[in-house]
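Q: I'm new to this protein and would like a close look at one part of it. Could you pick a pair of charged side chains and show me what surrounds it?

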Amino acid sequence: MNGDSGNVTKSDWFGNANGIHDYPIRADADCGYGIAQVTTGMSEFDTQQLDTLRAGAVTTDYAANIAAGLSILAEKWNQLKALGMNANGGSAAYIENWYMALWGYNSGVYTSGSVGLGFFNNPIKPTYPADRQPFLRYSYDDASHPGDWSYQEKILGWAEVPQMTWDGVASYVKPDMPFDIITGAPRDAFCAPSVNACNPAAADPCPSWDASCYWDASVDWMGSQSTANSSTESLRFSLGSGEPELQSKYGHGPCIDHPSVYTDAIIVDDLGEHEDTYGCGDFEAADDGKFTLQTGDNITMLRDDGTYRATPYIAPIDLHQLGAGYDHHVYFTHSYGDTDYFHKVTGRWEVNQAKLPSGDQPGQRYKVYIHLPSHGAEAIVRYNFIPGDNAFGAEPDYCRVNQGTRSAGQETWFEMGTFSFWKGGRIEADNLHDAGTGDDNVVFDAIAFVPFNSADPGACNLNDGGL
């Protein structure tokens, strides 16, 4: 949420959601938390802050996040009711009637002094094109320039036109809409000289853009309402249902397999031994290696306002998980330019250091395979091979891998070649690339280390410095 959204009642919303509405309340990229984009109560600057338990739940638990958002939305509804402001007949049963509450959810309901809804999300505001069509109704491309619509128009648009998965399947069910649309308010419905000094015929209907533009009256654009002309909720899960079974919309990768015939491969997966995803069971070889993720870089940047910001706090914003790849799980982010340290995410794969020789001993040679998932892998990624400290002159090497073409839409083990490691040896990859634009996916999946006796440069033409 943006702006002054009023006080949040710290009611007992934690864990008490009464049902799961299978269409979300969405917001723009305003750094709100989770599907309900909760910001109120989450900042040290808020007059009423959520306690540590509830704030943590908002950031990590989808049910608590939705419950928090619904609590705020209900508060906006009740504030409007207390001011005598109804949409249409004022029944909460019809989605169209939540138009003003959604408006208030984003920019606030003013309940003292000059009361009502601020001008920021008034649909007649001249920053929103006068000739715009309802959000998403005729073109999914509307989502690429959402600033052309008010907040509540976007919310109703996402309810009417579900977000699509990568293979064109709706992510959630639509409301019950008798005409297959949600009837939003006309552009000039909240503009009247007698209410808010607004002239609907003017190019800038309320040029002061201040409290004189607040809307504090009821509006009716639906007439007599019933399920024959107004939209109602559609629940995929009945009230009181338990946690839905986890279901993936995508195909899974293999459960604990090995590259080719090498059943003795040491698999270093991005999940280690800590998760059992989609019935894959415990990871059998976790003690033989370790995977770690580092966000940002260990540097501090000077910002334009003269303050400093440590980079590790930015990169996690664009770090995600996907039910694909080895053991049905990968982390992914996007490919950025090679100096964009704020978005840098680095993955490290290493064999258990206790199994590697010291630098004065012959190195341990492995044939290296990387696992790539059937979807979510797109970018060119540089894998850096670091041998560790050694007395044999072995030096680091690297291999650039086009994750998209190498995976070719299949779950794939890609053979890179052999490389020798000593203590401190590892493989690293990050998402910075000279051609990165923030668009192509970079995935972090499993790497297999196969003990091998002879050098084989492989597809990557690796310089194996072992004996």
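A: Let's start with R365 and D464, whose side chains meet in a salt bridge with 2.6 Å from N to O; a salt bridge here is a side-chain nitrogen of Lys or Arg within 4 Å of a carboxyl oxygen of Asp or Glu. This pair links distant parts of the chain, since R365 sits in strand β10 and D464 in the segment after β16 (447-451), 99 residues apart. Helices (H or I, at least four residues) and strands (E, at least two) are DSSP runs, numbered from the N terminus. R365 and D464 are both buried, where buried means under 20% relative accessible area, exposed over 50% and partly exposed in between, with a 1.4 Å probe and protein chains only.

Before going on, a word on the model: it is predicted, so local features need pLDDT of at least 70 and side-chain atom pairs count only at pLDDT 80 or more, while totals for chains, interfaces and linings use all residues. Residues are numbered from 1 along each chain as its sequence is written, and side-chain values use heavy atoms, leaving out hydrogens and water.

Now look at the strands around our pair. β10 and β16 pair in the antiparallel sense over 5 bridges; two strands count as paired if DSSP finds at least two bridges between them. Within this pairing, K367 stands opposite V450 in β16. Both strands belong to an open sheet of 4 strands, in the order β3-β16-β10-β13, with antiparallel pairing. β3 and β13 (412-421) stand at the edges with a single partner strand each, so one side of each has no neighbour in the sheet. From one strand to the next, the twist averages 25 degrees; axes are lines fitted to C-alpha atoms, for helices over the stretch in contact, and angles run from 0 to 180 degrees between N-to-C directions.

Next comes the nonpolar packing. The largest nonpolar core has 38 residues, and W349, Y383, F385, M416, I427 and F449 have the most contacts inside it. Such a core is a set of buried Ala, Val, Leu, Ile, Met, Phe, Trp, Tyr and Cys residues joined through side-chain atoms within 4.5 Å.

Finally, let's set the opening pair beside other salt bridges. The count comes to 10 salt bridges. One of them joins D288 and K355, with the closest N and O atoms 3.4 Å apart. D288 lies in the loop between β3 (266-268) and β4 (289-295) and K355 in the loop between β9 (345-351) and β10 (364-372), so this pair ties together parts that are 67 residues apart in sequence. D288 counts as partly exposed at 24% relative accessibility, and K355 is partly exposed too, with a relative accessible area of 42%.
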